[in-house]
Amino acid sequence: MRSSRPVAGGGRCTALAAISLSAALVPLSSAHAAGDGPSGGTPALTAAATGTFGRAADALFTGRTTALVEGTSSGRTALKAAGGVRLTAAEARSETGALASLHGTRSRLASLGEAYTGSDTEVTVDSIRLRGRTATVQVTENTTLTYARIRGDEPDTTAFVAHHELTFAARPDGTWQLTGEHLTGQGPRPVNAPLPVGMGAEVRPNDVVDAPRSAITYPARAKAKNLGTGAKYRYAAMAAYAEKYWQNYNTTYRRYNSDGGDCTNFLSQSLYAGGWKQVTNSDADYGTWYSRKTADSDTWVGVNEWSWFTQTTRRTTALANAYQMDVGDVLQIDFDKDGAKDHSMLTTYRSASGVPYLTYHSDDTYRRSLPSVIAANPNAAFYAYRS
């Protein structure tokens, strides 16, 4: 990804999912500040508390994902069964609205010809910061969804990695309470998350070609593409690279996850693996495209800059409809339709019925279907490119 402004896809969550997360509460350590009873002092974290933070997060995200598979009520049941922690009233209302929101995503997916038959979510606690009586917990969610055989030619699964921050408050009775949660990663919001917050616009130079928006209506007549041995580029190699390194990063290259996002850096790596030539010198604005030991060009790592380079140099052509994409083609998203593109993805699989599947970094995702991206980002603008 990487842009000069904050990333829309990494914005704060809005309403999320399910009211009934009350069950066993997280125990505090018996150690409090000297002279204080259970109602005072700074709590100390125990291994049991740390473990329960992870189980609470796992319950939260498992419930949301389950709602996409089986509907709202079963998502709530999954949250109860996992253990969880007590929510504040505001979080309880927010979680209740989340299942309704995810039910809407599930309905949009169905209208686009997609459903899931199963899911698996695991959460890892990355770090815990304790300040006073508030614990801030960073977690990583790993989710796999199994595609339903609606068209009959879907791949088996899609998978993604998402990063979240949860906050817990210590209560006077020696327990913790979940007070907040939001995404911290970049890219399109995961299919089990709510809409992102919009961001400000970015101005493009006057001397570059900007890509037009693409339609997202299915089906779309396929646009012929040479995928054989005589093709200009090795599209299968692009897809193979992306699917090899979608989660286990290639250490030959820099990572930009903490600097606006790694999606366009990863896209450029994949295109290079498939035969794109680097350009190190140019008199034109955004006329270079390269990765070196000392630096990467803005066009290599920036969403809009990549688009300007590829369109102005005619290295890509715009597709009228995103469903025309084939292996090796690129999709970019402007989450809030402000004119600045926010995220880049590579098509690594296309079903016989004409559905592209996308693989990308930030957050790391394998073979996510175009209908899933559309359903989870209903207010976005889409830009499709023939590479």
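Where is the place of D363? D363 is found in the loop between β9 and β10 (365-369), where helices (H or I, at least four residues) and strands (E, at least two) are DSSP runs numbered from the N terminus. The model is predicted, so that local features need pLDDT of at least 70 and side-chain atom pairs count only at pLDDT 80 or more, while totals for chains, interfaces and linings use all residues. Residues are numbered from 1 along each chain as its sequence is written, and side-chain values use heavy atoms, with hydrogens and water left out.

The backbone is described next. Most residues other than glycine have a negative phi, and most peptide bonds are trans. The bond that joins S362 and D363 is cis, with omega about -10 degrees. A cis peptide bond also runs from Y218 to P219, with omega near -5 degrees; P219 belongs to the loop between β5 (176-183) and α4 (235-245). R314, which is not a glycine, has a positive phi of about 60 degrees and lies in the loop between α7 and β6 (317-319). The relative accessible area of R314 is 73%, so R314 is exposed (buried means under 20% relative accessible area, exposed over 50%, and partly exposed in between, with a 1.4 Å probe and protein chains only). K337, also not a glycine, has a positive phi of about 55 degrees. K337 sits in the loop between β7 and β8 (343-350) and counts as partly exposed because its relative accessibility is 43%.

The structure holds 19 aromatic pairs (rings of Phe, Tyr and Trp, the last by its six-membered ring, pair if their centres lie within 6.5 Å; planes under 30 degrees apart count as stacked, over 60 as edge-to-face and the rest as tilted). W276 and W289 form an edge-to-face pair, with 5.3 Å centre to centre and 65 degrees between the planes. Both residues lie in the loop between α5 (263-273) and α6 (298-301), so the pair ties together parts that are 13 residues apart in sequence. W276 counts as buried because its relative accessibility is 1%, and W289 counts as buried at 0%. W289 also forms a stacked pair with F309, at 6.3 Å centre to centre and 5 degrees between the planes. Because F309 lies in helix α7 (residues 303-312) and W289 in the loop between α5 and α6, this pair ties together parts that are 20 residues apart in sequence. F309 is buried, with a relative accessible area of 1%. F309 and D210 are 99 residues apart in sequence and 9.3 Å apart in space, C-alpha to C-alpha. One aromatic cluster includes W276, W289, W300, W306 and F309.

The interior can be described through its nonpolar core (a set of buried Ala, Val, Leu, Ile, Met, Phe, Trp, Tyr and Cys residues joined through side-chain atoms within 4.5 Å). The largest such core has 36 residues, and those with the most contacts inside it are Y116, V191, L331 and L358. Elements that each supply at least two residues of this core include α1 (47-70), α3 (89-111) and β11 (381-386). Helix α8 gives the most to this core, with 5 residues.
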